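Here is a short report for a reader new to this structure. Look at the chains first, then read on.

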Amino acid sequence: MSELAERVTEICGQNVYSCYQCGNCSAGCMFTDEMDTLPHQAIARVQKGDASVLEMDVSWICASCFVCSVRCPRGLDVAAIMEALREIKIRQKGFTKLDLRKTDLEKLPQIAITAAAQKFTW
Amino acid sequence: MEPSLVSDKEKIGVFACHCGRNIAATIDTERVVEEVLKHPAVVHAEHYEYMCSDPGQELIETAIREKRLTGVIVAACSPSLHEVTFRETVKRADLNIYKCEIANIREQDSWVHENKEKATEKAVKLTKSAIEKIIRNEALSPIKVGLHKKALVIGGGVAGIRAALDIADAGFPVVLIEKTATVGGHMAQLAETFPTLDCASCILTPLMSAVAHHPNIELHTLSEIENVEGYVGNFHVRIKKHPRYVEPDKCNLCNECENVCPVAVPSEFDEGLSLRKAVFIPFPQAVPSSYLIDANACLGMSPLICGKCAEPEVCGPQAVNFDDQEKIIEDDFGAIVVATGYELYNPTNLGEYGADVYPDVITSLQFERLLSPSGPTGGIPRRPSDEKIPKRIAFIHCAGSRDERHQPYCSHICCTYSAKHALLFKELVPDAEIHSFYIDIRAVGKNYEDFIRRVQEETGIHYTRGKVSRIYEQDGKVKVLGVDTLLDERIELEVDMVVLALPMVPFQGVKDLAGKMRIQIDGNNFLQELHPKLHPVESATSGIFLAGAAQSPKDIQDTVSQAGACASKALGILTQEKISHIPTVANVDEENCSSCRFCISVCPYRAIKTIDDKAHVEEVLCEGCGICVSACPSGVIDLRNHTDKQVGFMIKALAGEI
Amino acid sequence: MERNFEPRILAFLCRWCGYQGADMAGTSRLKYPSSIVSIRVPCSGRIKMEHVLDALTRFEGVLIAGCHVPNDCHYVHGNFKCLNRVTLLKEILAQMGVNPVRLRLEWISATEGRKFARVVGEFTQELRKLGTLNSACTHENNSISLLQVKQSE
């Protein structure tokens, strides 16, 4: 088990090695156009312990709509794994992804605010 | 400590084996012999290099004859290795095989310890405990019971047909029962079979007809198991036969009744893609070759309303009989083959694929009917919604299989049959564009990989690696939301029709049947074999065998092989004059039984009954596990040759007190 | 307690799994203490409470090895009967003042020779710490006479 995978399991309780790379999460995801890598690939990187996934946009674009979690044939909560990837970054000192003060909240759609609530770093 | 109480009639011989250096290097067999000779029951002890060799066995035989031994201990390797060998040896010297015991001083002594002193001490204890056991062993003979030389086969699919024919051909009577109105099962619905593309009907219908005409086969359709009692060789079975309402002997298949019948319902044989009448024949080649009435759909059950088919000018031979009654058939069988087959997983459980909402999202068996020359569209695949010939079609592999939310197992045949579908479809619609969404291609079977390659090369099928997330309809087109995990891109594909490769699941009611027959089911409700490698067609209940997709998802080849294996196992029983059963069974001191019925509740084999309110062991059912012995609060049950008294003395001997 | 004290163990081994596992340890030439002796039983569900108590008056520990739960039992559910019985026995032992650790139940399959050897090693270590039933702390000392009373009845 890679160190990264262990950390992810520790945070969200999901065993990323259950994933057999069917791609259902990526197929159902509505935000893949904005992502620099697809959700199933992000999981593959975690499996291999490739920490570069932490620097990618994929987990931050994730809106936590849970379509991936609902349809995962291995019963993985993919959204929780994305959350865990964010958490790892958030817990690093001085890390700021989203500055609320600079964001125009009124223009944001509801789901974005809900999702972003998990991404605030103050 | 009291000396072990031995009747002076017991004369035990001990034979310690060196096993070359395997035992002798760590254990002083000379000392073992000296020590055991101190035991009052031991009249002979010796050691030899290889006890299992011919001269070694000769030593044992000679000693039994010359010293009139009543029991033999062989201190050697594990009983799993040579217990049978040495029991045969003593049998040759006219000693009962249960008067031979093994002390395991190799696997559990010389091979696992290094200190010669301690290992030898342990060997003495092990041998002495075997002595304590054997002097209290009864001389037993296998329990023999008669049997009914007749087999029951449950399920009339290709597995049941094959098993029934094999047993019947060997000259034994067979009763074949089938739940639906005809034998043939799912195989009769198939267009062509992979990888050879044999026409399914062409290879199956001759077998169906053979079943109908075989003098040794008694066929009961529309029948199910009501109750099973008894044990191997002597199963007593009650079969419930539902009324057919048309007498098969009189029906001449003129189809006049069908023409006048006013009721139309979806056809089961065509998987709901066509309509049939309330009086119908499942398909023209059905066996028995006769119409029947679907009582749930028919109006004529109250003849005031309809009854058109029964009118003399319609049914000339007067085959229609509204007064037909349910029958109970009781019979006895020596062996039973369970071949109850599969169903497709219900696609409405896969909400995101919309099979219950969109008519053009169909199941693989429905597509099979569309490809079949005898199918609802005459062999030209037309989509259900508007009967147009689809040009662009998508196959979804693993639709519900390998999926924790549905069926966690791989359904084994979907990859190959989806490839077959693609090939047959391409032949019928040459300008078709075929997409296949897969996770892995698992074409495991003889020549399957060649077949997949042929399909890839001939059809130009687009294999896309990635599971489909959602299917929906928009503007008369079916949209498939997928991903290509190899090209890292999401796919939104517009197609005319989608075929779902659904997993095979055991037929409904399998739990009920398994309960009635005392056979186990696994976590996915498939029937559980005794051992996956060594006993793949035996159930845990002796005399009941498992064939086909009821045991696990499998293709026709494997199904037929299993059916043949079942037939051979069943014949192994039917050809015997008597059934042998191990005699080391539980027995009850009935006089002191307190009638608490504890033993009945713990027995895994329902081998204990009460007679006059006292527990009574049905010896042929008892497998000798001894669970009842340790559960009996009154301590009146004991296990032959493994009694509580024996265990007590063995413990003392092992503690070095004897 | 002597450093080289060898606690005696009686093992009840089910003939389908535990016994085969012990054989496998032999076939693999694994080494474990020779102070363990075994009785082959048809099923772990066959083992009576009396046998265990009897054994504890003569041995420092009792090991039971059966087929893995839930599905490996050759006799459908004998292993569960054994599990129930052991759970109850441990309660009884505790009430009698005998350390329940002296009774150990393990699921050992026919292929788990390594596990068998490891379990025997571990169990011996544990029992070594506890000492003999007779020489151990007072309440264990009293309970041995209780056990023996039961035997003589």
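## Loops, helices and chain contacts

Pro288(B) sits in the loop between strand 15 (279–280) and strand 16 (292–293) of chain B. Strands (E, at least two residues) and helices (H or I, at least four) are DSSP runs, numbered from the N terminus. The peptide bond joining Val287(B) and Pro288(B) is cis, with omega about 5 degrees.

This is a predicted model: local features need pLDDT of at least 70, side-chain atom pairs count only at pLDDT 80 or more, and totals for chains, interfaces and linings use all residues. Residues are numbered from 1 along each chain as its sequence is written, chains are lettered from A and ligands numbered from 1 in the order in which they are written, and side-chain values use heavy atoms, with hydrogens and water left out.

**Backbone features**

Another cis peptide bond runs from Phe194(B) to Pro195(B), with omega near -5 degrees. Pro195(B) belongs to the loop between strand 8 (192–193) and strand 9 (198–199) of chain B. Tyr245(B) is not a glycine, yet its phi is positive, about 70 degrees. Tyr245(B) is in the loop between strand 12 (234–241) and helix 8 (256–260) of chain B. Most residues other than glycine have a negative phi, and most peptide bonds are trans.

Two packed helices are described by the angle between their axes and the distance between the axes. Axes are lines fitted to C-alpha atoms, for helices over the stretch in contact, and angles run from 0 to 180 degrees between N-to-C directions.

| Helices of chain B | Angle | Axis distance |
|---|---|---|
| Helix 9 (residues 364–371) and helix 10 (residues 414–428) | about 30 degrees | 11 Å |
| Helix 10 and helix 11 (residues 448–459) | about 35 degrees | 10 Å |
| Helix 5 (residues 116–134) and helix 16 (residues 644–654) | about 155 degrees | 8 Å |

Helix 5 of chain B is therefore roughly antiparallel to helix 16 of chain B. Angles over 145 degrees count as roughly antiparallel, under 35 as roughly parallel, 65 to 115 as roughly perpendicular and the rest as oblique. Helix 5 of chain B and helix 16 of chain B have a right-handed crossing. A crossing is right-handed if the near helix is turned clockwise from the far one by less than a right angle, and left-handed if anticlockwise. Contact means heavy atoms within 4.5 Å. Helix 5 of chain B contributes residues including Lys125(B), Leu126(B) and Lys128(B), while helix 16 of chain B contributes residues including Phe649(B) and Met650(B). By class, this contact of helix 5 with helix 16 of chain B has five nonpolar, two polar and four charged residues. Ala, Val, Leu, Ile, Met, Phe, Trp, Tyr, Cys and Pro count as nonpolar, Asp, Glu, Lys and Arg as charged, and the others, Gly among them, as polar.

Helix 9 of chain B and helix 10 of chain B are roughly parallel. Their crossing is left-handed. Phe367(B) of helix 9 and Leu424(B) of helix 10 are among the residues that make the contact.

Helix 10 of chain B also crosses helix 11 of chain B in a left-handed way. Residues in that contact include Ala419(B) of helix 10 and Phe451(B) of helix 11.

**Chain contacts**

Which chains do not touch? Chain A and chain C do not; their nearest C-alpha atoms are 23 Å apart. Of the two pairs of chains that touch, B and C have the most contacts. There, 43 residues come from chain B and 42 residues from chain C. The area buried between chain B and chain C is about 3,500 Å², with carbon and sulfur atoms giving 56%. Buried area is the accessible area (1.4 Å probe) that two parts lose on being put together, summed over both. Gln108(B), Trp111(B) and Ile651(B) supply 18% of what chain B buries against chain C, more than any other three residues.

Between chain B and chain A, the buried area is about 1,500 Å², and carbon and sulfur atoms give 48%. Arg405(B), Ser469(B) and Arg490(B) supply 34% of the area that chain B buries against chain A, more than any other three residues.

**Salt bridges**

A salt bridge is a side-chain nitrogen of Lys or Arg within 4 Å of a carboxyl oxygen of Asp or Glu. Chains B and C share six, while the count between chain B and chain A is zero. Arg46(C) pairs with Asp644(B), with the closest N and O atoms 2.9 Å apart.
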